[in-house]
Amino acid sequence: MEFRKGSSLSVSDSSKKEMASDTGLELLIEQTISVITNDGRNIVGVLKGFDQATNLILDESHERVYSTKAGVEQLMLGLYIIRGDNISVVGELDEELDSNLNLSSLHAHPLKPVGH
């Protein structure tokens, strides 16, 4: 499978532009994003690319693990691929606001898996 920065695979250039603008993901290339997966994981990283199935390539990524007893734990993942069929929500992360958060003092219940 071949990934190209901000475009779709095996379709004409006009179709690529339509598909990319339909998802809005091309605007987030090289931006820090937060992804909530169907199994309730929160993965943060820099969007490097995606394909027509919305498989995402994240760099400098980490998973944020929430707990009611301890602060947010961050597990380093590095370069990471998330399958499109496992994505619930993709959002742009405000890096300035995020850098001012004290994650070690935040307590929250982990997200439950998404039911379809």
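The questions below go from overall layout to single residues.

Mentor: First, the ground rules: this is a predicted model, where local features need pLDDT of at least 70, side-chain atom pairs count only at pLDDT 80 or more, and totals for chains, interfaces and linings use all residues. Residues are numbered from 1 along each chain as its sequence is written, and side-chain values use heavy atoms, with hydrogens and water left out.

Trainee: What pattern does the protein follow along the sequence?
Mentor: Helices (H or I, at least four residues) and strands (E, at least two) are DSSP runs, numbered from the N terminus. The protein has two helices and five strands. Read along the sequence, the pattern is α-β-β-β-β-β-α.

Trainee: What percentage of the residues count as buried?
Mentor: Buried means under 20% relative accessible area, exposed over 50%, and partly exposed in between (1.4 Å probe, protein chains only). The protein has 116 residues, and the buried share is 35%.

Trainee: What share of contacts with a separation of 6 or more comes from residues 24 or more positions apart?
Mentor: Contact means heavy atoms within 4.5 Å. Among contacts with a separation of 6 or more, residues 24 or more positions apart account for 53%.

Trainee: How many salt bridges are there?
Mentor: Side chains of opposite charge can pair when their charged atoms come close. The rule asks for a side-chain nitrogen of Lys or Arg within 4 Å of a carboxyl oxygen of Asp or Glu. By this rule the count is four.

Trainee: Which residue meets glutamate 30 in a salt bridge?
Mentor: The N to O distance in this pair is 2.9 Å, and the partner of glutamate 30 is lysine 48. Glutamate 30 lies in the loop between α1 (13-23) and β1 (32-37) and lysine 48 in strand β2 (residues 42-50), so the pair ties together parts 18 residues apart in sequence. Glutamate 30 is partly exposed at 36%. At 27%, so is the residue asked for, lysine 48.

Trainee: Is glutamate 63, the partner of arginine 41, buried or exposed?
Mentor: Arginine 41 and glutamate 63 meet in a salt bridge at 2.9 Å, N to O. The pair links distant parts of the chain, 22 residues apart: the loop between β1 and β2 holds arginine 41, and strand β3 (residues 56-65) holds glutamate 63. Arginine 41 is partly exposed at 23%. With a relative accessible area of 12%, glutamate 63 is buried.

Trainee: How far apart are the closest N and O atoms of arginine 83 and aspartate 85?
Mentor: Arginine 83 and aspartate 85 are both exposed. They form a salt bridge, and the closest N and O atoms are apart by 2.7 Å.

Trainee: Which residues form the negative surface patch?
Mentor: Patch residues have over 30% relative accessible area and no salt bridge; like charges are joined within 9 Å, nonpolar side chains (Val, Leu, Ile, Met, Phe, Trp, Tyr) within 5 Å. Lys and Arg count as positive and Asp and Glu as negative, with His and the chain ends not counted; a charge is placed at NZ of Lys, CZ of Arg, CG of Asp or CD of Glu. One member, glutamate 92, is in strand β5 (residues 87-92) and counts as exposed at 55%. The patch is formed by Glu92, Asp94, Glu95 and Glu96.

Trainee: What is the phi of glutamate 60?
Mentor: Glutamate 60 is in strand β3 and is exposed, at 59% relative accessibility. Its phi is positive, in a residue other than glycine, and near 55 degrees.

Trainee: What is the phi of threonine 54?
Mentor: Threonine 54 is in the loop between β2 and β3. At 25% relative accessibility, threonine 54 is partly exposed. Although threonine 54 is not a glycine, its phi is positive, about 60 degrees.

Trainee: How far apart in space are proline 110 and valine 65?
Mentor: Proline 110 lies in the segment after α2 (95-99) and is exposed at 51%. In sequence, proline 110 and valine 65 are 45 residues apart; in space, C-alpha to C-alpha, the distance is 7.1 Å.

Conventions:
Areas by Shrake-Rupley, 256 points an atom, 1.4 Å probe, with all protein chains shown as cover.
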